[in-house]
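Please look through the structure shown here, and then read the report that follows alongside it.

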Amino acid sequence: MSKLLLFYFIVLSHIIIAQSNTTSTRVLSLMGSRFELVAIADVKSNRNKAIEAAIVEIERIENLISSWKPDSETSQINAQAGIEPVRISIELFNLIERTIKISDLTDGAFDISFNSLNPVWTFDGREMEAPDSTLIMASIGKINYKNILLDRHQQTVYLKEKGMKIGFGAIGKGYAANMAKRVMVERGIKSGLINAGGDLIAWGNQENGDPWKIGIADPVKEKEYIAWLSVSDMSVVTSGNYEKFVIIEGKKYGHIIDPKTGYPVEGIQSVSLVSPDAELSDALATSVFVLGVRKGLELVNRLKNVECLIVDDQNKIWTSDHLKLNYY
Ligand code: ADP
Ligand code: MG
């Protein structure tokens, strides 16, 4: 089996997977994205059972955090904005609390109440008219994570303003990847990989004993890679503006919103964030996008065990102080 080198490349439709006697892979659509789950273990039925359990877990999380599904806890919170606090599961409570910590850390660049803008922007790749600026002004008045009021004792969350809405688009896949990994590890999978639509976490080693090789996608040239990283027990999350966007007067706008302006952020094409925790990587990748190159790098360089690579809109590559890249 040692002749089989496993190569995994993020974000992309383009993944070369070598199947073998000790590896099982499932590719499927979950949370509106392409997921891949890879398990390495000797017994095939153990690998497959672990992957199935991880899929059930991801679906459970989607039902909890989706702001599209009317029955989710998140939708109930949004429906009661400005009306009354909603009692929620401790799991969602803790997740919201962690998002607020990220908002504090990023000075509000990351803010799950960005969703108050919904449906002003629809990032479906189509051409649209510029949204009415008075509508945007009215909506950004409702974006403020400080108006997400948590009461741990009552286990409730209350969105203070009517029309406020939260959404987990920038952290949910990372959280799901962490939890799916946990489920697989609990079922004895010592080496594996979850790719949650470009949010990737890898643990253990490849089948041949080498660390995982994760390619960093080139946001400009499709199916090409800027560099690769050699990792185990690490997450690599790429946030790009090339997948979900709108076109206004011929110009492309990506789906990450600056909470202070209500408009999509400009200046960066992609951010790849590396840290041991996929949820943190996911949230920080989005945050760096909003903060921009200078402030984003400043933040990442201040944090332990967190590195990043940024491609700006001039195709210039910026990296944090201790990122160890390999080139082809
Ligand atoms: P991807 O889904 O491509 O991995 P991200 O992780 O950056 O990209 O998530 C982008 C999503 O995050 C958007 O579609 C939206 O749901 C949400 N979002 C946009 N702007 C913000 C923001 N400033 N803070 C928190 N969430 C945001
Ligand atoms: Mg993100």
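In this predicted model, a polar side-chain atom of T286 lies 2.7 Å from an oxygen atom of ligand 1, a polar contact being a pair of N or O atoms within 3.5 Å. The table sets out the polar contacts described here.

| Residue | Atom of the residue | Atom of ligand 1 | Distance |
|---|---|---|---|
| T286 | polar side-chain atom | oxygen | 2.7 Å |
| H255 | polar side-chain atom | oxygen | 2.8 Å |
| A109 | backbone N or O atom | nitrogen | 3.0 Å |

Ligand 1 is surrounded by 17 residues, of which S239, H255, I257, D282 and T286 are the closest; a residue is near a molecule if one of its heavy atoms lies within 4 Å of it.

Residues are numbered from 1 along each chain as its sequence is written, and ligands are numbered from 1 in the order in which they are written. Local features need pLDDT of at least 70, side-chain atom pairs count only at pLDDT 80 or more, and totals for chains, interfaces and linings use all residues, while side-chain values use heavy atoms, with hydrogens and water left out.

Turning to the helices and strands, these are DSSP runs, with helices (H or I) of at least four residues and strands (E) of at least two, numbered from the N terminus. The axes of helix α1 (residues 44-65) and helix α5 (residues 172-186) come within 9 Å and cross at roughly 145 degrees, where axes are lines fitted to C-alpha atoms, for helices over the stretch in contact (heavy atoms within 4.5 Å), and angles run from 0 to 180 degrees between N-to-C directions.

An open sheet has three strands in the order β4-β6-β5, with antiparallel pairing; two strands pair if DSSP finds at least two bridges between them.

Conventions: Polar contact = N/O pair within 3.5 Å; in protein donor to acceptor, adjacent residues only side chain to side chain.
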